[in-house]
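Student: Hi! Could we talk through the packing in this one?
Tutor: Happy to; here it is.

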Amino acid sequence: MRLPLVMSIIALLLGILIDIYIYRSIPKTKRALPRRIYCISAILTLGLLIVVFMLPKRDTDTELRPVMWLLYTWTSIYISKYIYGLFLAISSIPRLYGHKRWPVYKYVGLPAAIICFGTMWWGVLYGRYDIAVSEITVNSKRLPASFDGIKIAQFSDAHVGTWGQDTTFVTNLVNKINALNPDIIVFTGDIVNRKTDEILPFVNILKRLKAPLGVYSVMGNHDYGDYTDWPDEQAHAADTRQLRAIQTGMGWNLLCNTHKFIYSAQGDNIAMIGVENWGEPPFKQYGDLKKAYPNANKIGDNNFKILLSHNPMHWHNEVREYTDIDLTLSGHTHAMQVLIGGIGTGFTPSSWRYPEWGGLYTHKGADGAIRNLYVNIGCGEVAIPARIGASPEITLITLHSK
């Protein structure tokens, strides 16, 4: 039995249990109208989950957005019910001793449930559109003086398929990046959700991204078509090739386990390295840093190096201790699209999974040099069409030579 089926069954059973509990708490009246209304609404709402379960999700011709919206609607309703049910249970404690129920469920539980529901839909109606710019500075004595003050704009995890044919958000994103006047623009993976044709409505918009020293990109775990059941491996490979061709056709330098040198007017250079997705189970392993830049493993060519690697666990496991790469730029985590507080300092469920989930991280290597990592929390959505506190992020990184 596949994990999604098990989770769907558990969610359905929990939903039925909370509905029975709330239904039994509704006072009986002569016409029993409130109970009838709740019963009908509960059946219809639970039906959403059944529809989600029945819809195909991995076929190449399947549209993923209806599943996302139905599942999110169900989740927003039932999380609110669970909150109300918790306070209802607390309110019922005096009944164990023959006393009346406390009114906590009315004056705390019901408002809390309403606030939760409203917050989740605020993330849909406002949070997912509220683009934020994070400005940081990275200092390194290895950076040539001719590159002092260079600005890099990073964006990540666009997941344009979530927007369907609506180009409004991506247009605003591109305009905001260009308005920063960066010297370099980098994209750190996951341009689509499942397949290449999702990007087609956005190609002419993304093509407008311009920077004097170039636009650079890498592939993320969603960019390989591994979340779709293809008729054969040839179709799968063709889809990946098409996505690579589209990115290069937009004028982006797609770095697939390779590197390019960026030169200043004075002839100095820095190395821009890009690896394909460095996956952990269940994600496939495509990244190969040794192939991308053989001298990264502390052989020492003394170049200032920037690594684009979608998954920050690559830096955590293989880069910070075993290479002399100065700055790694990653994405992937999304801060799970839920964040209370600031990037890197607040609370997000993503912190349970990733030790570096958002913001700037530093590590002092055995040689005394500092290895930097910046994790961008992304600008798009996947699985849930909302961002609650985790605003779509553009990072503006200024490099200085000490």
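Student: What is Leu 209 in contact with, leaving aside its neighbours within four places in sequence?
Tutor: Leu 209 is in contact (heavy atoms within 4.5 Å) with Phe 155, Val 174, Ile 177, Asn 178, Ile 185, Val 215 and Trp 252. Keep in mind that this is a predicted model, with pLDDT of at least 70 needed for local features and 80 or more for side-chain atom pairs, while totals for chains, interfaces and linings use all residues. Numbering runs from 1 along each chain as its sequence is written, and side-chain values use heavy atoms, without hydrogens and water.

Student: Which residues have the most contacts inside the largest nonpolar core?
Tutor: Leu 209 is one of them, along with Phe 155, Ile 191, Ile 199, Leu 206 and Trp 252, in a core of 33 residues. Such a core joins buried (under 20% relative accessible area, 1.4 Å probe, protein chains only) Ala, Val, Leu, Ile, Met, Phe, Trp, Tyr and Cys through side-chain atoms within 4.5 Å.

Student: And which element gives the largest share of this core?
Tutor: That's α5, with five residues; helices here are DSSP runs of H or I, at least four residues, numbered from the N terminus.

Student: New topic: how much space lies in the largest cavity?
Tutor: About 40 Å³, as the space filled by probe spheres set on the grid points. A cavity is a set of points on a 1 Å grid where a 1.4 Å probe fits but cannot get out, and lining residues have an atom within 4 Å of a point.

Student: What lines it, by class?
Tutor: Seven nonpolar residues, no polar and no charged ones. Phe 155 and Leu 206 are among the lining residues, and α5 gives the most, three.

Definitions and conventions. Buried means under 20% relative accessible area, exposed over 50%, partly exposed in between (1.4 Å probe, protein chains only). Helices (H or I, at least four residues) and strands (E, at least two) are DSSP runs, numbered from the N terminus. On a 1 Å grid over the protein atoms alone, a cavity is a set of points where a 1.4 Å probe fits but cannot get out, and a pocket is an open set with protein on both sides within 12 Å along at least five of seven lines; lining residues have an atom within 4 Å of a point. Ala, Val, Leu, Ile, Met, Phe, Trp, Tyr, Cys and Pro count as nonpolar, Asp, Glu, Lys and Arg as charged, and the others, Gly among them, as polar.
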